[in-house]
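Hi,

Here is the structure we talked about. Please open it alongside this email; my notes follow below.

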Amino acid sequence: MSGHSRPLPPRPTESGARGRASEASPGPALGNRRATVREAEDGRRGRRREAMAWRRSLWEWSSVPRQRKCGRVPFTSGGGAVVRLSDAEDGNRRAGVAGLQSCGSWSCPVCARSISAARAAEVAAVLRSAVDQRCSVALATFTMRHHKGLSLRSCWDAIGSAWRSTTSGAGWQKDKDQFGVVGWLRAVEITHGEEHGFHVHVHALIVFDGPVSVELMGELGHRMFARWNRALGRKGFSAVEDRGGLDVRSVQLDGDSIDQVSTYISKAAYEAVSSATKHARGGNRSPFQILRDAVETGNAADIELYWEFEQASLGRKKITWSNALREWAGLHVVEKTDGEIAAENRGGEPVLILPKATWIVVRHDVADLLDAVELGGRLAGQRWLRSRGLAFVVVEP
């Protein structure tokens, strides 16, 4: 799309199944609602299972040492693991495992899901603040030309440098004052295509201090793109505005769109598993789609591509913020690192302690144990372990 602006399309909806109510049933609306919740939980557990399976594969061939230990090696040499159980806001149980090393990497399918979920919540907080303060928000995408043979690291470096130049200096300060820009948050998305190699681009939410027309959002985007393209040129890259280099849209701020945009901004991993069942437009693949194919086929080329993603993403932040935007949105001024998010225990009580010998056996099938605990509680977890002759310690409530 060119620099013209357009509103985000409406969030797609799904109609529920239809059925007749009977005296013995709670009615079609309640029944459908329960079925939808059950299907969502089944889907979540399925995505967790597949993410853990992918991580288990990375234990064997990842190029990152800490990723080979993630979710496998306890913190202490003689230690084991702790199964935790909590009640989610939707009334369902959530189980997890504590006491293990985590890599906190965007290239880890399990850590990436945790990090992206937390970042999506932060993005939603920004959008809710915009609603409360009657602000406008634009979603702008900036891309660059790329071709096969360019390294992912060089592309990532170039867009990082270009974004800093786009949002700093006298030109940016003038734009902020003229258009009433409160701040921005930026996410990096990466895909790979057989024909053109790695494609790295930026999605940015730009928050304005009041109502702003779609036309003015497009004008700001055009000005930002000019700085973006100049900065890319200094790194040996370029972009063409009317050939997809710039896309600016107005975000319609309501309950559905807040969820939609929050997930979209952090989509690099938030739907890492479910989105990997289909390829991106033009046959491009996301890094987790490459990982899926590498796991399923053992293709050496896919493994090497994923190694390149692992190495290029080390130490990178996929979502960054302008100064003071977090405070404006009511978030913690001191931002948690990706590693801290991946390592933290999200509430819940310890229910089972797994000694080291038990954990060595369980770690390959831990998704089964977590499913059992979520569906049947701590007693179901105990039955699961006993049926396999594995030792454990019960943590009494």
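Which residue forms a salt bridge with Arg119? Asp338 does, with the closest N and O atoms 2.8 Å apart. That pair ties distant parts of the chain together: Arg119 sits in helix α3 and Asp338 in helix α12 (residues 338-343), 219 residues apart. Arg119 is buried, at 2% relative accessible area. Asp338 is buried too, at 11%. Keep in mind that this is a predicted model.

**Salt bridges**

The whole structure holds 24 salt bridges. One of them joins the side chains of Arg48 and Glu374, at 2.8 Å from N to O. Arg48 belongs to helix α1 (residues 28-61) and Glu374 to helix α14 (residues 366-386), and 326 residues separate the two. Arg48 counts as buried because its relative accessible area, 8%, is under the 20% cut-off. Glu374 is buried at 4%.

Asp371 and Arg49 also meet in a salt bridge, 2.5 Å from N to O. Asp371 is buried at 13%, whereas Arg49 is partly exposed at 36%.

Arg164, Arg230, Arg234 and Lys235 form a positive surface patch. Arg234 lies in helix α6 (residues 214-234). Arg234 is exposed, with 60% relative accessible area. Other residues of α6 are buried, among them Met217, Leu220, Phe225 and Trp228. The helix length checks out: 21 residues at 1.5 Å each should span 30 Å, and the end C-alpha atoms are 31 Å apart. Just after α6, Gly236 has a positive phi of about 85°.

**Loops**

Most residues other than glycine have a negative phi. Two residues here are worth a look on that score. Arg134 has a positive phi near 55°. Arg134 is in the loop between α3 (109-132) and β4 (137-142), and is exposed at 70%. Ala324 has a positive phi near 75°. Ala324 is in the loop between β8 (319-321) and α11 (325-328), and is exposed at 54%.

Last, Asn284. This residue is in the loop between α8 (267-270) and α9 (287-297). Asn284 is partly exposed, at 22%. The C-alpha atoms of Asn284 and His192 are 5.2 Å apart, although 92 residues separate them along the chain.

Best wishes

Technical notes. Residues numbered from 1 in each chain as written. Predicted model: local features only at pLDDT ≥ 70, side-chain atom pairs only at ≥ 80, totals over all residues. Heavy atoms only, no water. Patch = residues over 30% accessible without salt bridge, like charges linked within 9 Å, V, L, I, M, F, W, Y side chains within 5 Å. Areas by Shrake-Rupley, 256 points an atom, 1.4 Å probe, with all protein chains shown as cover. Salt bridge = Lys/Arg side-chain N within 4 Å of Asp/Glu carboxyl O. Lys, Arg positive; Asp, Glu negative; His and termini not counted. Charge placed at Lys NZ, Arg CZ, Asp CG, Glu CD. Helix = DSSP H or I, 4+ residues; strand = E, 2+ residues; numbered from the N terminus. Buried < 20%, exposed > 50% of the residue type's maximum accessible area, 1.4 Å probe, protein only. Expected span 1.5 Å × (residues − 1).
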